[in-house]
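Trainee: I'm new to this one. Could you walk me through how to read it?
Mentor: Happy to, let's take a look together.

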Amino acid sequence: MSNILVELSNSLAAATEKAAASTLLVNARRRMPASGIAFAPDLVLTADHVIEQEQDITVLLPDGTKAVAQLAGRDPGSDLAVLRLEKVRATPAEPAMQASIGQLVLALGRPSDAGIEASLGVVSAMGGPLRTPQGSIDKYIRTDATPYPGFSGGPLVDAEGQVVGVNTSGFGRGVVLTIPAEYAWKVADQLARSGSVKRGYLGVRSEAVELSEAAQKELKRKQASGLLLVSVERKSPAEAGQLIVGDILVGINGQPVPDHDALFAQLTGDVVGKSVPMEVLRGGKPLVFMVEVGARP
Amino acid sequence: MKATALLNAALDELLERIRPVLALVSNGRRGAGAGVLAGDGLVLTNLHVVGRAHTVQVLLEDGSRYDAPVIARDPHVDLALLQIPANGHPAAVFSSSRPRPGELVYAFGHPWGQRNVLTGGVLSAVTSLRGWHGEVPVLRADVQLAPGNSGGPLLNASGEVIGLNAMIFGGDQSVAIPASLIQSFLAGARKNQRMQAAL
C-alpha cells in the first residue's frame, strides 16, 4: 500500500534520520545524559543547565564514536552552551530560519546509546522577549511534542529535518521551551568566539508606572507607561549618565520603553560600551541623557 | 483532492484493513485487553491480559465469541497465544521492515473498554527495557494509550503490525513488543504445536 499516509510517514522518518546525524549525546552531569546539536564540524550547541561539570565532558556521536569535548562557552541567561570537539568531526545541522504556528515538528534527543528518540507535535505558540531566571531571550517557541527525559539541548526539527530550535527545560517550573534556531545560532557564534554573551547593564531598579495625559502630551506620543527609577546604584552607568531617582525612563535609542520586557530587549550585548540616548521624564518634562551602557557582571 | 482529504481517506482505508483482525480478550475478571488475529485461528495478546487463566473469552469484530484456550505463553516478552476455530478469519500482516524512529504509528485497541479506538503518533525509539528476565528489545511511541490497549497492535502507515502494545508510561508514551520478537514467538509456538500433534 503506497499512499499519502505512507509518504508522510516516510518523510517524517527521513527528517528524523537527517537531523539525527547532527544530534549528539552530551554527558556533563551525573544523572541521565542530555542532547546536543552540531552547528559546525567541531562545535556542539547544547543547553547550559545540563552542563553540571566543566571538566571531563564527553559526547557520543551519531556513529557511536565517544569523544572528549571542551566547554567553549556558556550563557545561563539564554540556557545555551557550546562545546568544542578536538579530535573528531560532526555533521553540522541545517538551521531553519522560520517557524509558523501549526506546522508539524519533531522533538529529537539522544539520551542513551540506544539511538535517536523522537516525538511528534506542532508549533503551538511563538512569543518573546522572555525574561529567564538569569537573563532573557528574544524569542521562544512552544510545542506540544513530548520532551522525553534527556531531550534538553536537542533539536526541534521541521518536516525537512532542518532545526527550528533548541529544546530546553532549563527555565524552570517544568516548562519546556524551544529557543529559535536563528537566535540560538547567534548566541552560539558569540559563545564559540568569546566564551560568554554580553548583556547591557544600567545599574537601576525601576517600577512600571502609568503616564498621565499631560506627560504623554509632553512626549508628543501615545505611551501608556514608563519605568520609574526607584534606585540608582553608586558608580553605575546610570549614575555616570546623570540619571537620578524619580526619573521616569520612557525610551532608549529612540525606542519606547513602556515596561521591563522592552528595557531588557534594548539592553543587548550590542549596546555594551556604547553611548546610548536615554529619554526620561523629569518634573514632567522630557529630557535626553547619553548613558554609556555597561556589561552586566 | 487536498492533502488533508487524501490523508483522511488513507486513514479510513487503514482502519478498514485493521478492524477485522482486532479481537477483544477477556479473562472473565475486571477489565479486558486486545488481541490480534495471526492466522490459523491463532490470537496473539499480552500475557498480562490473560493472567493465569487457561481459557479466556475472545470477541471478534463480526460479533462472534469464543472460549479460547491459552496454548503458549512467554513471560520474558509478555506474549500469549490463544486458539480459536480457524474458520476463515482474516489475519494481520506483520511488518518485516526495520522500524524507523519518526515514522507514523497508530495504536488500535479498547482503551478503558471503549471498542476499536485508534490513536496516532510517531515511533519514538527502537530500544530495550530491563525486565524481570533480562533485557527485552522494545519499541517506544508517543501514542496515547490506556488500560484496554494491551495486546493491541501498533501499526505503521501501511497498516502492518510493527508491534504489540504492552505498557504505558505517563499516559503519552507506550511500549510495544516488536514484530521480530512476535514472529519468533509465533514460530516457536507453531513448532511446539506440530510436535504435540505428532506425539
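Trainee: Which strands make up the closed barrel, and in what order do they run?
Mentor: Keep in mind that this is a predicted model. Follow each strand to its neighbour: in chain B, 6 strands form a closed barrel in the order β1-β2-β3-β6-β5-β4, with antiparallel pairing. Ignoring direction, neighbouring strands of this sheet are turned by 40° against each other on average.

Trainee: How many bridges join β4 and β5 of chain B?
Mentor: Strand β4(B), residues 55-60, pairs with strand β5(B), residues 65-74, over 5 bridges in the antiparallel sense. For B:Val56, the bridge partner in β5(B) is B:Ala68.

Trainee: Which strands does helix α3 of chain B lie across?
Mentor: Helix α3(B), residues 179-198, lies across β3 (42-46), β5 and β6 (79-83) of chain B, and runs at about 100° to β5(B).

Trainee: And at what angle do the α1 helices of chains A and B pack?
Mentor: The angle between α1(A), residues 4-20, and α1(B), residues 3-18, is about 105°, and their axes are 8 Å apart. An angle from 65 to 115 degrees counts as roughly perpendicular, so α1(A) and α1(B) are roughly perpendicular to each other.

Trainee: Which residues meet there?
Mentor: From α1(A) come A:Ile4, A:Leu5 and A:Leu8; from α1(B) come B:Ala3, B:Leu6, B:Leu7, B:Ala10, B:Leu11 and B:Leu14. By class, that contact has 9 nonpolar, no polar and no charged residues.

Trainee: Where is confidence lowest and highest in chain B?
Mentor: Lowest is strand β11(B), residues 161-169, at a mean of 85, and highest is strand β10(B), residues 153-156, at 97. Chain B averages a pLDDT of 90, and the model scores ipTM 0.89 and pTM 0.84.

Definitions and conventions. Residues numbered from 1 in each chain as written. Chains lettered and ligands numbered in written order. Predicted model: local features only at pLDDT ≥ 70, side-chain atom pairs only at ≥ 80, totals over all residues. Axes fitted to C-alpha atoms, helices over the stretch in contact; angles between N-to-C directions. Helix = DSSP H or I, 4+ residues; strand = E, 2+ residues; numbered from the N terminus. Parallel < 35°, antiparallel > 145°, perpendicular 65-115°, else oblique. Contact = placed C-beta atoms within 7 Å. Nonpolar A, V, L, I, M, F, W, Y, C, P; charged D, E, K, R; others polar. pLDDT = per-residue confidence, 0-100. Pairing = 2+ DSSP bridges.
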